[in-house]
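Work through the exercises below with the model open. Try each task before reading its solution.

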Amino acid sequence: MNEIELNHPLITHKFAILRNKKTGTKEFRELVIEITRLLCYEATKDAKLEPVTIETPMEKMETGMLNENNYAVVPILRAGMGMLDGIINVIPNAKVGHIGLYRDEETKEPKEYYYKMPEDINQREVMIIDPMLATGGSVIATIERLKQDGVKKIKLLVLLATPEGIKAVETSHPDVKIYCGCVDRQLNEIAYILPGLGDAGDRVYGTK
């Protein structure tokens, strides 16, 4: 299995507030950033450190530092932007790319309307961020687009995932590891996650 679910009391607590329909826009945004920060922590556990020598107030020492220039973050517009600060707060020098997708009403397939990446995206480890992994269509299209640009190492960070979405991504791209705050029960007939938290983009931006 390629997914890692953050089973932790803090995550459960934060999701209880995030899911609540009474939670306001400000608190919702803050919680999305907090949970993303924890996802980033988990997703960088395998990060390679570069050896450096520093001097503490007491003595010199050998330690390691992350080369932040090895990373790029790609939010899927628009809801993924709500997670961006959670990554940038942890890896402030990571470059940021953007992809915009919409679902064709006839074919139900994702269609790209915007794509802008750092020039050296193929030399970076990329973290795709999107609050919801529902059917997996938009995520799979994003992964395929990045691979066309030569990206070799991709991780997916989502707040919520469904078994259907996880299976779709793992089947299409078994090399992509999925980090999620919680795996929910299922999709309903109109592809909303149950029990879910509603439309993440609308709740982040207060548009409903």
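A residue is buried if its relative accessible area is under 20%, exposed if over 50%, and partly exposed in between (1.4 Å probe, protein chains only). This is a predicted model: local features need pLDDT of at least 70, side-chain atom pairs count only at pLDDT 80 or more, and totals for chains, interfaces and linings use all residues. Residues are numbered from 1 along each chain as its sequence is written, and side-chain values use heavy atoms, with hydrogens and water left out.

**Exercise 1. Overall form**

Task: describe the dimensions, burial and secondary structure of the protein.

Solution. 
- Step 1. Buried residues make up 44% of the 208 residues.
- Step 2. The C-alpha trace spans about 60 × 40 × 30 Å along its principal axes.
- Step 3. Take the radius of gyration over C-alpha atoms; the globule rule is 2.2 Å times the number of residues to the power 0.38. For 208 residues, a compact globule would come near 17 Å; the protein has 18 Å, which agrees.
- Step 4. Helices (H or I, at least four residues) and strands (E, at least two) are DSSP runs, numbered from the N terminus. The protein has six helices and 13 strands.
- Step 5. Contact means heavy atoms within 4.5 Å. Among contacts between residues at least 6 apart in sequence, 63% join residues at least 24 apart.

**Exercise 2. The aromatic pair**

Task: locate the aromatic pairing and classify its geometry.

Solution. 
- Step 1. Apply the rule. Rings of Phe, Tyr and Trp (its six-membered ring) pair if their centres lie within 6.5 Å; planes under 30 degrees apart count as stacked, over 60 as edge-to-face and the rest as tilted.
- Step 2. Count. The rule gives one aromatic pair.
- Step 3. Classify. Tyr 102 and Tyr 113 are tilted, with 6.5 Å centre to centre and 40° between the planes.
- Step 4. Tyr 102 is in strand β6 (residues 98–103) and Tyr 113 in strand β7 (residues 110–116), 11 residues apart.
- Step 5. Tyr 102 is partly exposed at 44%, and Tyr 113 is partly exposed at 48%.

**Exercise 3. Salt bridges**

Solution. 
- Step 1. A salt bridge is a side-chain nitrogen of Lys or Arg within 4 Å of a carboxyl oxygen of Asp or Glu. The whole structure has 13 of them.
- Step 2. Start with Glu 34 and Lys 14, which meet at 2.6 Å, N to O. Glu 34 is in helix α2 (residues 25–43) and Lys 14 in helix α1 (residues 9–19), 20 residues apart. Glu 34 is partly exposed at 27%, whereas Lys 14 is buried at 16%.
- Step 3. Look around Lys 14. Neighbours within four places in sequence aside, Lys 14 contacts Leu 31, Glu 34 and Ile 35.
- Step 4. Move to Asp 46 and Lys 153, whose closest N and O atoms are 3.5 Å apart. Asp 46 lies in the loop between α2 and β2 (49–55) and Lys 153 in the loop between α4 and β10, so the pair ties together parts 107 residues apart in sequence.
- Step 5. Asp 46, Glu 125, Lys 153 and Lys 155 are linked in a network of salt bridges.

**Exercise 4. Arg 145**

Task: which partners does Arg 145 have in a salt bridge and over a ring?

Solution. 
- Step 1. Arg 145 and Glu 112 meet in a salt bridge of 2.8 Å, N to O. Glu 112 is in strand β7 and Arg 145 in helix α4, 33 residues apart.
- Step 2. Arg 145 is partly exposed at 23%, and Glu 112 is partly exposed at 39%.
- Step 3. A charge sits over a ring if NZ of Lys or CZ of Arg is within 6 Å of the ring centre and within 35 degrees of the ring normal. The charged end of Arg 145 sits over the ring of Tyr 115, 3.7 Å from its centre.
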